[in-house]
Amino acid sequence: MTIFKDVIFYLDGFAPDIDEELIKYGGTRATLPDDNSRVTHIITTDFNRKTTRLMEKKGIPIVNVKWVEASIRRKHLQNIKYFSADPRYFFTGVVIICIELSNGDLNAIHEGVLALGGQCTEVLSKNVTHIIALDINNQTCRQVLKRPELGIKILSPEWFNNCLKQRQRVDETPYLLTNYIFDENRTKTDPVLSPMIEKINDSVEKLNETPLKFTKQVLKNKKIFFSKDLEINENLLHTIETIVLGLGAILVSSIQNATVFIGMYREGNEYIQAVHRGIIIGNLTWLYWMYVYETWANPELNLLHYPIVKAGLPEMHKMVITISNYQGESRQYLEKLIKALGATFTKNMTPSNTHLIIPCEFGEKYSAALEWNIHIVNHLWLEETYAEWKLQNITTPRYIYFPPKTSFMKIVGNTPIDLDVIKLIYKDVSNVLVEEKSPLKESNLLKHSNNISLNNNELPLDSFSSSLDMTSTLDNFGLQVHSDNESSFQVSNCDSTKENPPPFHKRRAATVALERLHNEIMPDVLLYQKECKRKTFIDSSEDIINSKKKLKEISIEFKDLKNNQVSVKRKTIAKPFPTNKDFRDYNIRILVTGYKDWDNQMEKALLTIGIATVQDAKDCTHLVASRIQRTQKFLSALSYVPKILSVDWIETCLKEGKIVDENNYFLIDPESELKYNFKLLDSLDRARNNKHSLFKGYLLQISPAAVSNYSNGIDTIKEIIEVNGGVCTLAISRKNQIEYELIPILISNISDVRILKHFIEKRKEAGEVPLVYNMEWVLTTVLRQELNFTDENSLLEEYNHLYMS
């Protein structure tokens with residue numbers, strides 16, 4: 001075996017066993033200084049050794065001895081980034097899995113860990129070293145607690161925050177959740193919870209005493225605005241704000257004052273204004289890169305340093321893409337690019353794959369792709385499709401050219417974002433989104449609230465923002481805020497929701513319209529003629545509205561800044577979006593789905609009469625819907641047995657200016673009940689008995705093809721399964737994967753032959769009947785709140801007929 005055949009190494013330090021292993025598996029020992037020009041790797045026992053530092057300055061990769069051990073164990077060269085001896089990569093050797101965190105927090109932690117040399121995974125395996133969670137009341141943590149010999153640490157997210165603040169891997173002990181159950185319903189005075197809270201608070205206070213310092217202020221005098229769509233918790237946001245301040249930046253509370261915009265998606269009023277104004281636009285991946293290297297980088301030069309399109313490119317949704325012969329950071333880069341385009345990435349290749357991306361015509365996947373008629377292209381096809389936001393023709397010569405003596409892998413990531421395309425996409429809407437006074441305040445809001453009576457416990461909308469005691473909340477941070485006029489900040493959203501989307505994202509029509517901008521508003525440029533709408537769940541009864549109407553619905557203008565500012569005596573940092581500390585004080589907390597007229601102004605008006613809006617199904621007391629829908633919100637909320645009301649109830653409450661009797665507004669939808677063959681009242685009764693444990697004891701393994709039509713992939717179905725008590729993982733067989741002590745169910749489709757075969761054979765070997773179903777079974781089961789293992793929607797008979805006959 002010649003694992004290290006292309007490696008010319010110099011071992012700096014005493015490790016004779018490593019030296020012998022390298023030579024045994026094909027490595028070549030270098031002699032310095034004679035081989036200075038040939039050496040490919042410095043393997044060191046100490047990064048501060050003189051030779052190591054000298055070669056590091058010359059750009060030679062520096063790795064620790066674990067790189068050699070891992071490469072031999074896994075039988076191929078490992079990504080040197082994950083085994084760097086450079087102390088800047090302080091998460092080297094760390095493999096993290098995040099459990100039940102919000103999408104924003106999950107993304108922020110994943111990108112940070114990857115940038116700092118660690119690895120992230122969605123599958124629990126023996127390679128995992130750390131679990132980041134809010135509590136241990138979930139199946140993943142329970143499985144780990146049964147296997148203490150694995151040494152996996154279950155930590156609070158504060159551990160990650162404080163590693164960033166201290167710029168090193170801090171001791172995990174104060175953040176261990178192993179002996180504590182972190183229950184949101186408990187108070188900080190709870191005797192069981194108090195010790196952990198005190199430990200974490202002590203650690204945070206010590207870190208806050210020392211400001212974060214960098215040797216280079218690469219963001220000096222740049223005015224940073226953080227987008228609301230990042231949706232990260234307050235503590236993590238504070239940590240990131242501390243980082244940019246340490247890099248010399250100034251934090252601003254208004255996009256109008258910003259010179260740098262940092263967000264997640266290419267949508268929303270703030271992003272459109274940033275494009276219109278021509279300021280610098282980047283994402284957290286870009287920020288983390290500068291945090292590590294303390295070097296300025298133009299985010300336009302790296303496709304993944306720029307915000308992504310939430311729903312991906314519609315033409316890519318049905319593509320199933322795999323990669324071969326790319327390694328390390330190049331491979332990681334392409335995997336992320338595939339997912340950002342909305343395609344499905346698979347580690348292994350089957351006949352169901354549509355494309356293979358390779359740098360050279362070599363390998364088993366290449367031979368199989370020829371046999372199975374799978375499209376074979378190099379990475380330029382992928383990069384230029386993303387950069388120009390237009391599906392490129394795979395027959396273009398440069399996409400199918402593989403130079404025999406040149407490795408295409410070395411030029412991965414050199415394609416910049418095409419800003420001209422982005423400006424063309426948004427130029428027709430920028431003018432209607434940059435004015436400063438909102439017509440909604442005088443139309444929608446007054447229409448809904450003109451009859452609201454005010455008493456001592458009710459606040460008028462104009463004074464609601466200014467009544468909040470934001471000074472005491474923000475003084476804790478002691479950070480600088482910058483405004484061209486005065487030290488003040490804008491409070492434009494007074495709701496108290498968890499994972500609350502920003503105002504301009506609230507309306508489904510607005511989201512769909514922005515996605516269509518990428519594909520239809522400039523037809524001569526982008527050549528898109530198809531309908532494009534975000535897919536959370538496929539529901540044939542979903543209405544499609546023409547783009548002109550949607551554009552009008554998203555043309556929400558800015559409010560007058562002065563009307564919504566609160567003066568602050570001391571300089572503080574303006575929080576981009578409100579916290580969720582007060583929403584539990586409301587007796588009525590609604591989750592809204594499928595209401596096309598819903599907007600931020602209605603939400604504010606409801607707050608004044610005592611109705612809060614939440615985004616998490618676990619937090620709602622009432623689900624408000626226009627009809628029965630198989631959306632993520634509807635199906636997730638169903639298991640918590642809220643009262644399900646018609647949207648008419650909201651409209652009546654707003655019209656009368658008070659909370660009206662809900663008994664006359666329960667949702668009635670016989671048409672949908674007939675369509676899905678169930679009764680809503682029966683489902684609610686079963687949900688009460690189930691107590692959100694419908695899937696308890698079951699492990700639902702989801703194949704990539706089963707979620708290929710969903711823009712958010714497995715995340716869409718995962719939440720629904722988990723709120724119903726089940727465990728959800730990808731159906732990908734991996735070495736060292738930890739087996740759950742649960743009954744497995746495979747959710748797939750008939751095209752996933754390899755996954756179906758593997759699962760069915762394994763279950764039969766164990767003497768069990770294979771439970772193999774399509775996605776329709778999951779949706780129907782949750783909607784009916786009834787677990788039935790019948791032939792309805794089963795794939796077993798079809799599989800046997802097609803492949804076993």
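## Starting point: helices and strands

Helices (H or I, at least four residues) and strands (E, at least two) are DSSP runs, numbered from the N terminus. The model is predicted, so local features need pLDDT of at least 70 and side-chain atom pairs count only at pLDDT 80 or more, while totals for chains, interfaces and linings use all residues. Residues are numbered from 1 along each chain as its sequence is written, and side-chain values use heavy atoms, with hydrogens and water left out.

Is phenylalanine 160 buried or exposed? Phenylalanine 160 counts as buried, at 0% relative accessibility. Buried means under 20% relative accessible area, exposed means over 50%, and partly exposed lies in between (1.4 Å probe, protein chains only). The C-alpha atom of phenylalanine 160 is 7.4 Å from that of isoleucine 109. Along the chain, these two residues are 51 residues apart.

## Strands around β9

Strand β9 (residues 223-226) pairs with strand β10 (residues 250-252). The sense is parallel, over 2 bridges. Two strands pair if DSSP finds at least two bridges between them. Lysine 223 has isoleucine 250 in β10 as its bridge partner.

β9 also runs parallel to strand β11 (residues 260-262), joined to it by 3 bridges. Here phenylalanine 225 has phenylalanine 261 in β11 as its bridge partner.

Which elements make a β-α-β unit with helix α8 (residues 234-246)? They are β9 and β10, and the unit is right-handed. A crossover is right-handed if, with the strands pointing away from the viewer, the path from the first strand over the helix to the second runs clockwise.

Helix α8 also packs with helix α10 (residues 284-293). Two packed helices are described by the angle between their axes and the distance between the axes. For α8 and α10 the angle is about 50°, and the axes are 11 Å apart. That makes α8 oblique to α10. Angles under 35 degrees count as roughly parallel, over 145 as roughly antiparallel, 65 to 115 as roughly perpendicular, and the rest as oblique. Axes are lines fitted to C-alpha atoms, for helices over the stretch in contact, and angles run from 0 to 180 degrees between N-to-C directions. The crossing of α8 and α10 is left-handed. In a left-handed crossing the near helix is turned anticlockwise from the far one by less than a right angle; clockwise is right-handed.

## Salt bridges

The whole structure holds 19 salt bridges. Each is a side-chain nitrogen of Lys or Arg within 4 Å of a carboxyl oxygen of Asp or Glu. One of them joins lysine 146 to glutamate 741, with the closest N and O atoms 3.6 Å apart. Lysine 146 lies in the loop between α5 (139-145) and β8 (153-155), and glutamate 741 in the loop between β25 (727-730) and β26 (743-747), so the pair ties together parts 595 residues apart in sequence. Glutamate 741 is exposed, at 60% relative accessibility.

Glutamate 776 pairs with arginine 630, the closest N and O atoms being 2.7 Å apart. Glutamate 776 belongs to helix α29 (residues 775-784), while arginine 630 is in the loop between β22 (622-625) and α23 (632-638), 146 residues apart. Glutamate 776 is partly exposed at 30% relative accessible area, whereas arginine 630 is buried at 7%.
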